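Subject: Structure handover

Hello,

Here is the structure you are taking over. My notes on it follow below the model.

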Amino acid sequence: MEREGSRDISTAMYGELIPQGGGDPIPLLKPLLTVGRRESADIVLRFPNVSGTHCELSLVDGYWIVKDLASSNGTKVNGVRVSEQRLSPGDKLSVARHHYEIAYEPSKLGAVTAPVDNATYNPFAKSLLESAGLETRRRPPSPPSASRAAPRRPDPPAGRP
């Protein structure tokens, strides 16, 4: 076992969720975890405002990703509601109204490069069809070519200069 601060951390652990209101840390023991109220969830949160299967945590290239599973009361990262988001160490994860800090070391979990900065990612830059690879970006219309004649203005009425 390794020692971090005053807590023992098993080498088989992938990190932990630290409750922000106090309580025991929740170990992240597998690279894919479901979080919810149901007993079948990997991390069971017995609160009425937590959905049966609320969200999913997955370890991808050394970083934890949270994905909301159409929960009623939402999943937030650092106070912002998300459908899917990479979690950096120290991020605040909210499941319904229950808040946790995620603690882990990406370099010990296989991360070899720094993550893409979430601040530069714009989820609205592409349509859903384009993101799914079903549509290509439309090109802006090209300016009229020289071969096309410009529309003529009508001649002024007779008798006027």
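Asp-42 is partly exposed, with a relative accessibility of 37%; here buried means under 20% relative accessible area, exposed over 50%, and partly exposed in between (1.4 Å probe, protein chains only). This is a predicted model, in which local features need pLDDT of at least 70 and side-chain atom pairs count only at pLDDT 80 or more, while totals for chains, interfaces and linings use all residues. Residues are numbered from 1 along each chain as its sequence is written, and side-chain values use heavy atoms, with hydrogens and water left out.

Salt bridges

Asp-42 forms a salt bridge with Lys-30, with 2.8 Å between the closest N and O atoms. A salt bridge here is a side-chain nitrogen of Lys or Arg within 4 Å of a carboxyl oxygen of Asp or Glu. The pair links distant parts of the chain, 12 residues apart: Lys-30 is in the loop between strand E4 (26-27) and E5, and Asp-42 is in the loop between E5 and E6. Strands (E, at least two residues) and helices (H or I, at least four) are DSSP runs, numbered from the N terminus. Lys-30 is also partly exposed, at 38% relative accessible area.

The count comes to 4 salt bridges. Among them is Glu-39 with Arg-46, at 3.2 Å between the closest N and O atoms; both of these residues are exposed. Another joins the side chains of Lys-108 and Glu-105 at 3.7 Å, N to O. Lys-108 is exposed at 52% relative accessibility, whereas Glu-105 is partly exposed at 37%.

Sheet

There is an open sheet of 5 strands in the order E6-E5-E7-E8-E11, with mixed pairing. Two strands pair if DSSP finds at least two bridges between them. E6 and strand E11 (84-87) are at the edges with a single partner strand each, so one side of each has no neighbour in the sheet. E5 and E7 pair in the antiparallel sense over 4 bridges, and Leu-33 stands opposite Leu-57 in E7.

Nonpolar core

Leu-57 is also among the residues that touch the most other members of the largest nonpolar core, which has 25 residues; the others are Leu-17, Leu-28, Ile-43, Leu-45, Trp-64 and Val-66. Such a core is a set of buried Ala, Val, Leu, Ile, Met, Phe, Trp, Tyr and Cys residues joined through side-chain atoms within 4.5 Å. The elements giving two or more residues to this core are strand E5 (32-36), E7, strand E8 (63-68), strand E12 (92-95) and strand E13 (98-103). Beyond its neighbours within four places in sequence, Leu-45 is in contact (heavy atoms within 4.5 Å) with Ile-26, Val-35, Gly-36, Arg-37, Val-50, Val-95 and Tyr-100.

Asn-49

Asn-49 lies in the loop between strand E6 (43-44) and strand E7 (55-60) and is partly exposed at 22% relative accessible area. Asn-49 and Ala-96 are 47 residues apart in sequence but 6.2 Å apart in space, C-alpha to C-alpha. The side chain of Asn-49 makes a polar contact with the side chain of His-98 at 2.9 Å. A polar contact is a pair of N or O atoms within 3.5 Å; within protein, one must be able to donate a hydrogen and the other to accept it, and residues adjacent in sequence count only if both atoms are side-chain atoms.

Positive phi

Asp-61, in the loop between E7 and E8, has a positive phi near 50°.

Regards
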